[in-house]
2 protein chains.
Amino acid sequence: MPSNLEATFAALGEPTRRAVVGLLSRGPRRAGDLADELGQSAPAMSRHLRVLRRSGLIAPEEVDADARVRLYRLQKAPFDQMRGWLDEVELFWGEQLDAFHAHVVARNGEQ
Amino acid sequence: MPSNLEATFAALGEPTRRAVVGLLSRGPRRAGDLADELGQSAPAMSRHLRVLRRSGLIAPEEVDADARVRLYRLQKAPFDQMRGWLDEVELFWGEQLDAFHAHVVARNGEQ
DNA sequence: TTAATATTTAACTAAAAACGCAACTACTGT
DNA sequence: ACAGTAGTTGCGTTTTTAGTTAAATATTAA
């Protein structure tokens, strides 16, 4: 389950896959149900799920009884990583804006 | 400047473009400087910048003096949209986990 | 006007992604 | 063993993406 930002963002850059994540946020589901709900063929959905699996965003539930059925579940790690990246970017960005503001204030005085 | 999630996530699914965003978070920069710092040819960088522009993640600064130079700057809206989407997903997800926890507690008693 | 600089666009190539259909795997139930 | 169900994979096709070189655009400086 290698969770890398590259694959995560790329996976979410596709509407069907974002919709899959949206549905899975409501609870785990089977591949076939996702295909039906999103109007995709079984092979197409299987491929989307593979992309999502490789990104680490989803994982098949531990198979218990019926191994024909794979219940997919959302994974937290990639979400944390994305938020971490966004936090980092916005942290420096904030400093930049602060510096810009200080610069304006230094030139024009407090508004 | 249509800022849609699809283009935003897709744009960030590429390492060079994420690096561009990282650099721009430290302050606005010219296309040529970004190309140099990231070891990309000018045309390649120009294309990456077009993708980022179309996603809404960056915008060229209002041209002031020298119009040969385009200073690119990060835009907040797409970041807010991404966080909004993540919030929504994790909101439902949280409810799901809460329900699961309640279910476990109901079966096994408080841990 | 001419040269120089910064950036984008055009045309092309190569690699990757997406989708349909058909075939295959793996398991269940009779 | 056989049929049925759930899901994945192989293959051919079409589209998209990323990169290159060369040319075009826009602006400043001489």
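Me: Which residues is Arg83(B) in contact with, leaving aside its neighbours within four places in sequence?
Reply: Arg83(A), Leu86(A), Asp87(A) and Glu90(A). Contact means heavy atoms within 4.5 Å. This is a predicted model: local features need pLDDT of at least 70, side-chain atom pairs count only at pLDDT 80 or more, and totals for chains, interfaces and linings use all residues. Residues are numbered from 1 along each chain as its sequence is written, chains are lettered from A and ligands numbered from 1 in the order in which they are written, and side-chain values use heavy atoms, with hydrogens and water left out.

Me: Why is Arg83(B) called buried?
Reply: Its relative accessible area is 18%. Buried means under 20% (1.4 Å probe, protein chains only). So Arg83(B) counts as buried.

Me: What makes Glu90(B) and Arg83(A) a salt bridge?
Reply: Their side chains meet at 2.7 Å, N to O. The rule asks for a side-chain nitrogen of Lys or Arg within 4 Å of a carboxyl oxygen of Asp or Glu. The pair therefore qualifies. Between chain A and chain B the count is four salt bridges.

Me: What is the area buried between chain A and chain B?
Reply: About 3,000 Å², with 62% from carbon and sulfur atoms. Buried area is the accessible area (1.4 Å probe) that two parts lose on being put together, summed over both. In chain A, Arg18(A), Arg83(A) and Trp93(A) lose the most to chain B, together 21% of what that side buries.

Me: How many residues of each chain are in contact?
Reply: 29 of chain A meet 29 of chain B.

Methods: Buried means under 20% relative accessible area, exposed over 50%, partly exposed in between (1.4 Å probe, protein chains only).
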